[in-house]
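Thanks for asking me to look this one over.

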Amino acid sequence: MPDDPFDLKIQEYFRGVDSAGPREYDSETGPRGIFVPSNLEHTSVALETLIERGIINPRRPFVDLSSGDGRVAIQANAVYGLMTIAIEESKALIAESIGHWQNLQGGIVSIIPLVFVEGDFSKDATYAQAGIKFEDVGTFFNFSTKDYELIADQVADRSPPGTVFMLYSFGANKLQNPALKLVKQFEFEKGFDGHPTKATLDVYKKKKQIRNPFRR
Ligand SMILES: C[S@@+](CC[C@H](N)C(=O)[O-])C[C@H]1O[C@@H](n2cnc3c(N)ncnc32)[C@H](O)[C@@H]1O
């Protein structure tokens with residue numbers, strides 16, 4: 001909830017993290033790059049709206065595909081009560097995420113699981129590490145990674161109807177798969193602190209398969 005005290009605390013905490021300036025991330029499998037995080041005000045507005053409208057099913061796991069320093073996963077779990085899996089291929093960012101979570105928790109143990117997994121989101125083995133199957137995921141969240149279409153196509157092929165795919169970007173990324181229906185679009189004036197570009201968050205839902213009774 002954008003005005004929830006713990007949500008505000010998380011946002012303030014990560015503003016402090018960001019005040020040190022842009023960071024490079026390192027990964028054993030992937031290239032180095034500049035790490036750009038989501039704006040937590042945007043994700044909070046989106047999560048609240050989608051849960052309230054019944055688009056996100058809070059009883060099914062939420063996965064951040066490439067969770068960076070863990071901020072969206074922490075918000076989804078601690079503020080919105082979603083069982084959350086944060087997948088990130090950078091060992092350093094996973095370690096950083098766990099540190100942030102410990103700092104924010106202040107010794108309180110959450111009863112709703114939040115699992116940080118070091119791995120590639122396109123591999124089934126990564127989901128198995130978190131004790132779930134790809135098909136169990138109720139909501140996928142992705143911000144600006146190169147293989148998001150690959151996962152969206154997997155959702156279209158394998159996930160049950162109703163599975164949600166949240167695509168957050170600076171406006172350019174879209175999904176074209178006909179099995180995924182655009183159900184909600186958010187537009188935000190600024191990408192993240194100091195970034196002048198508009199951000200969009202497009203929400204897609206896996207369609208029900210309608211069988212034609214006259215066709216075999
Ligand atoms: C833009 S950051 C994501 C930040 C985070 N989701 C957020 O919203 O704050 C992109 C991250 O994607 C990770 N990444 C890219 N491809 C990946 C893959 N196939 N599996 C897991 N992580 C990946 C990178 O290591 C990098 O940390």
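**Notes on the helices and the sheet**

1. Helices α1 and α3 are roughly antiparallel to each other, because an angle over 145 degrees counts as such and their axes cross at roughly 170°. Please keep in mind that this is a predicted model. The axes of α1 (residues 5-18) and α3 come within 10 Å.

2. Which residues make this helix pair meet? From α1 come Phe6, Asp7, Ile10 and Phe14, and from α3 come Arg71, Ile74, Gln75 and Ala78. By type, the residues of this contact divide into five nonpolar, two charged and one polar.

3. Turning to the sheet, seven strands form an open arrangement with mixed pairing, in the order β5-β4-β3-β6-β7-β9-β8. Its edge strands are β5 (114-118) and β8 (180-188), each of which pairs on one side only. On average, neighbouring strands of the sheet are turned by 15° against each other, direction ignored.

4. Strands β8 and β9 (residues 199-206) pair in the antiparallel sense over eight bridges. For Leu182, the bridge partner in β9 is Tyr204.

5. Now back to α3, residues 71-78, which lies across β3 (62-65), β4 (84-88), β5 and β6 (139-143). Helix α3 runs at about 175° to β4.

6. Lastly, have a look at helix α4, residues 91-105. Helix α4 lies across β4 and β5, and runs at about 160° to β5.

Conventions: Residues numbered from 1 in each chain as written. Predicted model: local features only at pLDDT ≥ 70, side-chain atom pairs only at ≥ 80, totals over all residues. Pairing = 2+ DSSP bridges. Helix = DSSP H or I, 4+ residues; strand = E, 2+ residues; numbered from the N terminus. Axes fitted to C-alpha atoms, helices over the stretch in contact; angles between N-to-C directions. Contact = placed C-beta atoms within 7 Å. Parallel < 35°, antiparallel > 145°, perpendicular 65-115°, else oblique. Nonpolar A, V, L, I, M, F, W, Y, C, P; charged D, E, K, R; others polar.
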